[in-house]
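Welcome! Below is a short tour of one protein model, written for someone new to reading structures.

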Amino acid sequence: MESLELKRPFQSIERHIEAVDAENQNQTSTAVTSTVGLITAQQHHLKRVKHIHDKLRKNPVGASGASHKKAQLFSNKTHYNPHDPDARISVKPGKARKLNYHCSMAVDTAQGVISHIQADFADGRDSQYLPAMTVQIQKRLKANELRMTELLADAGYSNGFNYEFLELRNLTPWIRVFGKYKPERQWVTYDRKEDVFTCVMGKTIPFKGFDRSADGKPIKNYRASKRDCIPCVLKESCTPKSLFKRIFMTAYEDHYHRAYERQLSRRGKRMKQVRQSTVEPVFGSLVHHYGLSKINVLGKAAAHKVMLMAATCFNLKKYLKTFKRKLANSAAMDTIAHLTGALFTPSIAFYLEIFENLTS
């Protein structure tokens with residue numbers, strides 16, 4: 001963390017064209033420069049980072065260690081590590097801020113076998129890596145004549161696009177709804193069939209069209225009439241800062257609603273327990289016993305190799321344990337068969353009786 005450096009402002013297109021024209025006139029060859037060390041984040045993202053940092057600086061309490069003379073506020077949008085540009089700054093509640101890689105992993109719920117693992121940038125959300133992982137897992141299972149019908153994941157993978165993506169691939173997503181989704185809203189009720197809101201005074205708030213958020217996500221826009229809102233006695237409580245009621249809702253409302261109903265069902269609660277008892281122990285084993293607590297390599301490709309080797313060792317060890325149990329059970333059955341064969345020779349009726357007992 002002490003070797004982090006500030007990124008330089010990214011050169012504008014106009015200045016880049018002017019520089020290229022000047023270099024062409026001087027007949028000098030130019031090489032394509034890398035974006036490493038340059039600010040490539042959008043302006044509204046940078047403003048958000050500045051707002052968060054200003055808020056932390058004005059906090060009278062301050063975080064632990066904030067008074068240290070070397071304490072600084074870092075962000076992946078403004079800082080980078082020149083020694084390992086692929087490493088990203090990440091932080092979790094109760095843990096120190098440091099450079100990390102993100103480990104994405106899929107585990108089979110039946111045997112606890114790791115079916116996929118990959119290294120990703122630590123500044124990305126879990127949800128953005130799910131579609132590519134799903135495609136690779138399905139392809140690998142299909143090659144082994146296996147079919148995936150359900151997918152279990154924690155709330156970090158909750159995303160409207162992911163719900164739609166999984167349903168289109170005939171997969172049932174057991175992912176808890178998380179984020180800005182609101183199953184119920186104050187002052188209004190939603191008619192899913194008619195796609196319209198109705199306020200407590202009985203006035204309708206119809207759908208007006210699609211729009212996009214600052215991050216480019218599709219949203220639905222609902223807007224009431226001024227004639228209904230201005231004379232309303234509940235306006236100061238319902239919409240005090242606007243002349244009329246406006247509601248913005250995600251374009252994946254139906255997919256979120258189905259996921260929300262699944263998580264409240266009895267099977268949804270059972271699936272949560274299955275995920276916690278399947279994935280969490282495997283990830284804990286990789287971190288504490290297979291060397292994934294710290295990676296001594298540089299670059300995302302090298303980190304991916306380390307994770308892949310750790311997962312391979314985990315699967316081999318699990319296979320050897322299962323293989324030993326099968327051998328032990330086989331040896332025990334051979335011994336029992338040998339002893340019973342020494343006592344008597346079973347007849348056909350004896351085998352038929354055993355078969356009937358097993359089938360019943």
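Predicted model: local features only at pLDDT ≥ 70, side-chain atom pairs only at ≥ 80, totals over all residues.

Residues are numbered from 1 along each chain as its sequence is written, and side-chain values use heavy atoms, leaving out hydrogens and water.

**β8 and its partner**
- Strand β8 is joined by 4 bridges to strand β9 (residues 172–175), and the two run parallel; strands pair if DSSP finds at least two bridges between them.
- Within this pair, E150 stands opposite T172 in β9.
- Together with helix α4 (residues 160–168), β8 and β9 make a right-handed β-α-β unit. Right-handed means that, with the strands pointing away from the viewer, the path from the first strand over the helix to the second runs clockwise.
- Helices (H or I, at least four residues) and strands (E, at least two) are DSSP runs, numbered from the N terminus.

**Helix α4**
- The buried residues of α4 are G160, N162, Y163, F165 and L166.
- Their cover includes α3, β8, β9 and α7.
- At the N-terminal end, N159 caps α4, with a side-chain oxygen 2.8 Å from the backbone nitrogen of F161.
- Just after α4, N170 takes a positive phi of about 60°.

**The nonpolar cores**
- A nonpolar core is a set of buried Ala, Val, Leu, Ile, Met, Phe, Trp, Tyr and Cys residues joined through side-chain atoms within 4.5 Å.
- The largest nonpolar core has 18 residues, and L130, L151, Y163, L166, I175, V177 and Y256 touch the most other members.
- Two or more residues of this core come from each of α3 (130–143), β8, α4 and α7 (253–264).
- Another core lies apart from it, with 16 residues, among them A87, Y101, A303 and A311.
- Which residues does Y163 contact, leaving aside its neighbours within four places in sequence? They are S158, P173, I175, R176, V177, H255, Y256 and A259, where contact means heavy atoms within 4.5 Å.

**Two loops with a positive phi**
- E145 lies in the loop between α3 and β8.
- Although E145 is not a glycine, its phi is positive, about 60°.
- Is E145 buried or exposed? E145 is exposed, with a relative accessible area of 76%.
- Strands β10 (188–191) and β11 (196–199) have D195 in the loop between them.
- These strands, β10 and β11, form a hairpin with 4 residues between them, and D195 in the turn has a positive phi of about 55°.
- β10 and β11 run antiparallel and are joined by 4 bridges, with V188 opposite C199 in β11.

**The whole chain**
- The protein chain has 10 helices and 15 strands.
- Of its 360 residues, 27% count as buried.
- Among contacts between residues at least 6 apart in sequence, 56% join residues at least 24 apart.

How values were computed: Buried < 20%, exposed > 50% of the residue type's maximum accessible area, 1.4 Å probe, protein only. Polar contact = N/O pair within 3.5 Å; in protein donor to acceptor, adjacent residues only side chain to side chain.
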